[in-house]
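Dear colleague,

I am handing over the structure below, together with an account of what was found in it. Please keep it open while you read.

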Amino acid sequence: MHFNTKPFLFFLLSVFFLSLSSCHLFESTKVPKSEIDAASKWSEKDQYPKFESCEGLEPEEEKECFESVITSTILDYISEQGWIASANIDTEVNLNLLVDQDGMISMSSLDAPEYVIEAIPNLEATLYEAINLIPQAEAGVKTNVGVLVTTSFTLPLRIFAQEEN
């Protein structure tokens with residue numbers, strides 16, 4: 001039995017050269033953290049979350065319309081509640097909101113002094129209810145990668161209340 005070594009040798013050499021030429025496929029590409037941070041930051045080109053009713057406006061007007069819909073929905077609901085405060089209040093609180101990748105808006109937290117929470121015990125629950133009335137939005141878009149993103153923002157609320165006598 002005679003074994004032809006030429007095809008076998010050709011096969012081995014081919015595998016060897018293919019493995020050498022494909023080594024770049026196994027190289028690790030390291031991206032510096034600063035580059036990732038820079039690409040992740042919100043830029044003027046990125047698309048802010050928006051409501052269908054605000055479409056067709058200039059980007060800055062769309063943003064203002066978005067904020068206006070949220071603010072008016074919350075303020076309208078609060079004004080219907082007839083809050084009663086147990087102390088005089090004149091302060092600003094921060095309502096931290098999230099718009100997720102599906103466009104759902106939720107409250108992530110409320111930054112309010114303890115005395116405000118004590119004076120208006122149903123403040124947080126009322127704000128949750130008001131936020132549930134906000135229509136679903138279109139999520140923000142990180143345009144440099146074309147991905148829907150969760151967007152967080154802070155809505156300052158001025159609370160002025162007089163103690164009921």
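Predicted model: local features only at pLDDT ≥ 70, side-chain atom pairs only at ≥ 80, totals over all residues.

By class, the residues that line the second largest pocket are 12 nonpolar, 1 polar and 2 charged. The volume of this pocket is about 220 Å³. Its lining is made up of 15 residues, and those closest to the centre are Ile78, Trp83, Ile120, Ile159 and Phe160. Three elements, α3, α5 (123-132) and β5 (151-161), each contribute at least two residues to the lining. The largest share comes from β5, with 5 residues.

The overall layout comes next. The protein chain contains 5 helices and 5 strands. Read from the N terminus on, its elements follow the order α-α-α-β-β-α-α-β-β-β. The chain has 165 residues, of which 29% are buried. Among the contacts with a separation of 6 or more, 71% are between residues 24 or more positions apart.

Helix α3 has 23 residues. From its first C-alpha to its last, α3 reaches 34 Å, close to the 33 Å expected at 1.5 Å a residue. Which residues of α3 are buried? They are Glu62, Cys65, Phe66, Val69, Ile70, Thr73, Ile74, Tyr77 and Ile78. The buried residues of α3 pack against β1 (89-99), β2 (105-111), α5 and β5. Just after α3 comes Gly82, which takes a positive phi of about 60°.

In general, a disulfide is a covalent bond between the sulfur atoms of two cysteines. How many disulfides does a search of the whole structure find? The search finds 1. This disulfide is formed by Cys54 and Cys65, with their sulfur atoms 1.9 Å apart. The two cysteines link distant parts of the chain, 11 residues apart: Cys54 lies in the loop between α2 (33-40) and α3 (59-81), and Cys65 lies in helix α3. The torsion about the S-S bond of Cys54 and Cys65 is about -70°, so the disulfide is left-handed. Cys54 has a relative accessible area of 0% and is therefore buried.

Is Asp46 buried or exposed? Its relative accessibility is 7%, so Asp46 counts as buried. Asp46 and Pro59 are 13 residues apart in sequence, and their C-alpha atoms are 9.7 Å apart in space. Glu52 is found in the loop between α2 and α3 as well. Glu52 has a relative accessible area of 68% and is therefore exposed. Between the C-alpha atoms of Glu52 and Phe66, which are 14 residues apart in sequence, there are 9.4 Å in space.

Thr91 is found in strand β1. With a relative accessible area of 13%, Thr91 is buried. Not counting residues up to four places away in sequence, Thr91 touches Tyr115, Val116, Leu157, Arg158 and Ile159. Of these, Ile159 is also among the residues closest to the centre of the second largest pocket.

Asp100 sits in the loop between β1 and β2. Its relative accessibility is 26%, so Asp100 counts as partly exposed. With which residues is Asp100 in contact, leaving aside its neighbours within four places in sequence? Asp100 is in contact with Ala139, Val149 and Thr150. Asp100 and Ala139 are 39 residues apart along the chain, and their C-alpha atoms are separated by 6.4 Å.

Yours sincerely

Note on methods:
Residues numbered from 1 in each chain as written. Heavy atoms only, no water. Disulfide = S-S within 2.5 Å. Helix = DSSP H or I, 4+ residues; strand = E, 2+ residues; numbered from the N terminus. Buried < 20%, exposed > 50% of the residue type's maximum accessible area, 1.4 Å probe, protein only. 1 Å grid on protein atoms, 1.4 Å probe; cavity = no way out; pocket = protein on both sides within 12 Å on 5 of 7 lines; lining within 4 Å. Points joined across faces, edges and corners; volume = space filled by probe spheres on them. Nonpolar A, V, L, I, M, F, W, Y, C, P; charged D, E, K, R; others polar. Expected span 1.5 Å × (residues − 1). Contact = heavy atoms within 4.5 Å.
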